[in-house]
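Take a look at the chain below.

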Amino acid sequence: MMDILRDIEKLQKDSQKSKIIMTDIELSKKVAVDSITLMENEPYPGGNEEKLMICLADENIEETNTDIVEEVLRERRNYFVSTKRYWSAVRKEIVLSCKEFLSQRLTAHQENIIERMNKFIEARSSIETIQAGRTDVLNLFGEHAVSCFTDDVISLYAADKLPPPLEINNSTAKMYHFLQVSTQSSIFSKLVQSFISLTPHCAGPERAVSVIRH
């Protein structure tokens with residue numbers, strides 16, 4: 001189905017972008033799942049399937065699960081399938097399978113990371129930023145780095161470099177803003193670099209292939 005392939009292709013292209021973080025990949029995945037969910041019981045508005053249904057209607061084919069429509073959509077049946085299956089049932093199975101596949105694109109472990117990243121990105125005060133980043137600073141750099149991270153955050157807020165401007169509403173753009181306003185060797189900057197470098201397990205091979213092709 002071309003409409004489903006279009007959503008999967010868009011998600012794949014987003015995953016291959018060099019400057020995109022996991023939170024925005026998760027957003028792209030949600031958009032794809034929501035789009036496919038819309039197709040569970042009817043064609044995607046303005047999509048290829050809807051156009052096909054209009055063409056069939058113009059040929060006076062009324063029911064989408066009749067033998068006539070099946071013959072139009074597929075000239076010959078699969079000789080290895082003995083049980084007759086209506087086109088509507090096959091369509092439903094394809095839509096639900098694709099939805100389930102995309103829903104599992106990020107593991108539970110990666111979803112926890114995304115949740116922590118979102119809290120860090122959306123923090124609007126020094127206390128919120130420190131609380132959102134403390135666990136990852138501790139795990140990545142050790143207990144001694146927590147106080148340095150706290151100093152960095154307080155200094156950035158005191159200098160009005162944080163929080164990011166409200167007009168920056170993209171998570172990836174916010175992360176690169178953090179990187180731009182912070183000192184390169186600081187714990188805050190290192191934490192941001194760690195977040196930016198994260199790649200979903202499912203997107204790693206796709207991004208590698210994209211880099212090699214270019």
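## Two helices side by side

Helix α9 spans residues 171–181, and helix α10 spans residues 187–197. They pack at an angle of about 150°, with axes 9 Å apart. Axes are lines fitted to C-alpha atoms over the stretch in contact, and angles run from 0 to 180 degrees between N-to-C directions. α9 and α10 are therefore roughly antiparallel, a label for angles over 145 degrees.

Which residues make the contact? α9 supplies Met175, Tyr176, Phe178 and Leu179. α10 supplies Phe188, Ser189, Val192, Gln193, Phe195 and Ile196. Contact means heavy atoms within 4.5 Å. Eight of these residues are nonpolar, two are polar and none is charged.

## The buried side of α3

Helix α3 covers residues 48–58. Its residues Glu49, Met53 and Leu56 are buried (under 20% relative accessible area, with a 1.4 Å probe and protein chains only). They span an arc of only 60° around the axis, which puts them on the same side of α3. That arc is taken from the directions between the helix axis and the C-beta atoms. An α-helix has 3.6 residues a turn, so residues three or four places apart point the same way.

## The whole chain

The chain has 11 helices and zero strands. Helices (H or I, at least four residues) and strands (E, at least two) are DSSP runs, numbered from the N terminus. Of the 214 residues, 36% count as buried. Among contacts between residues at least 6 apart in sequence, 65% join residues at least 24 apart.

## About the model

This is a predicted model: local features need pLDDT of at least 70, side-chain atom pairs count only at pLDDT 80 or more, and totals for chains, interfaces and linings use all residues. Residues are numbered from 1 along each chain as its sequence is written, and side-chain values use heavy atoms, leaving out hydrogens and water.

Key: Parallel < 35°, antiparallel > 145°, perpendicular 65-115°, else oblique. Nonpolar A, V, L, I, M, F, W, Y, C, P; charged D, E, K, R; others polar. Buried < 20%, exposed > 50% of the residue type's maximum accessible area, 1.4 Å probe, protein only.
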